[in-house]
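Trainee: I am new to this one. Can you walk me through the terms?

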Amino acid sequence: MQFFGGSEISPSPPAPTASGNNGHMLYVFNRNGICLLYREWNRPLHTLNAQQDHKLMFGLLFSLKSLTAKMDPTSAEKGNLGVPQLPGQGCSFHSFRTNTYKLSFMESPSGIKIILVTHPRTGDLRDSLKYIYNLYVEYVVKNPLYTPGSPIRSELFNTTLDQYVRGIA
Amino acid sequence: MAPVAPRSGDAIFANIEHVNCSWTVQNAELFTLTYGAIVRQLLTDLEEVDEVNKQLDQMGYNIGIRLIDEFLAKSNVSSCVDFRETAEVIAKVGLKMFIGVTASVTNWNAEGTCCSIVLEDNPLVDFVELPDTYQGLHYCNILSGVIRGALDMVSMKAEVTWLRDALRGDDVFELQVKLLKQVPEEYPYKDDE
């Protein structure tokens, strides 16, 4: 990817392996709760319609963020649960794992949330999520035809993303 | 045609910004000349200096709301704890990354909500002279818009104004950044939906 070559501060992606389809779903939300992108590679069970599914996912993460920050044993300030958080305060959670899947989460200070659901034995995906954020910047933000806050409709972005997720161990 | 011009200006500018942060010196001149052409065109289209200032600020805002993601992705800074850190990051990392200037932060007020960012040099104004008829023009107003837009996307409402402008006879460029308020993240959906 030559556009990353000039800057030494962008993360280098983990080397892709040939292990195939480990990613189940990917969501990208912005700070207003709008689902900018939903990609699905391997999801046998659908329980809700798309709208409800997105709202549920966003609500879940919003609450989890709030909860984890309030329960932080190392932080001095104890606000009430449910008080909106200023960005930068509190700790941030990055993943949770169940017996059937692992959900990895990354939020940028500008409110872009990237959620990747994979199989439970996946390792720490924080670098991968950062790389996906870089892809978002290169293919979506820098696209002059894209309006921020609207769903992403970019074939190139989708293809590159699919390729990258397929390569995550 | 005035509404159309800023949109394509944004598009060009976004591309130039990208070019400028990857390859430094040779394309700085292209950047400067393109910006000068945009300002010249705005002056011809809008004629009123105040209108041009407003339009430049709006263009800068549109750039800033997109630029923030690129900045966060490339620079890998974590969330700033307070406004002091934010101002330092803008001056030392942000401005350096996008226009290649290292600015300094001075003049903090007592509460820590207002500061000045001083730019010693400014690639936007290379080769530029401001004629007497346009003395009210803030030539670099796009920068104030960019900072305002970027801060808006990280939940900080700010007001950015020019205190000193080298094109008007001062020795440096000085921007005043005033934090109006921090907007905490609200749950966007109504409960009954």
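**Cores and sheet**

Mentor: Start with the largest nonpolar core, which has 82 residues. Leu26(A), Ile132(A), Tyr136(A), Phe157(A), Ile117(B) and Leu119(B) have the most contacts inside this core. This is a predicted model: local features need pLDDT of at least 70, side-chain atom pairs count only at pLDDT 80 or more, and totals for chains, interfaces and linings use all residues. Residues are numbered from 1 along each chain, chains are lettered from A, and side-chain values use heavy atoms, without hydrogens and water.

Trainee: What makes a set of residues a nonpolar core?

Mentor: Its members are buried Ala, Val, Leu, Ile, Met, Phe, Trp, Tyr and Cys residues, joined through side-chain atoms within 4.5 Å. Buried means under 20% relative accessible area (1.4 Å probe, protein chains only). A second, separate core of 14 residues includes Tyr27(A), Met57(A), Phe58(A) and Ile115(A).

Trainee: Which strands form the open sheet, and in what order?

Mentor: Four strands of chain B, ordered E1-E2-E4-E3, with antiparallel pairing. Strands are DSSP runs (E, at least two residues), numbered from the N terminus.

Trainee: Why are E1 and E3 of chain B said to stand at the edges?

Mentor: Strand E1 (104-106) and strand E3 (156-164) each have a single partner strand, so one side of each is left without a neighbour in the sheet.

Trainee: How do you know that E2 and E4 of chain B pair?

Mentor: Pairing needs at least two bridges found by DSSP. Six bridges join E2 (residues 114-119) to E4 (residues 173-182) in chain B, so these antiparallel strands count as a pair. Ile117(B) stands opposite Leu175(B) in E4(B).

Terms used:
Buried < 20%, exposed > 50% of the residue type's maximum accessible area, 1.4 Å probe, protein only.
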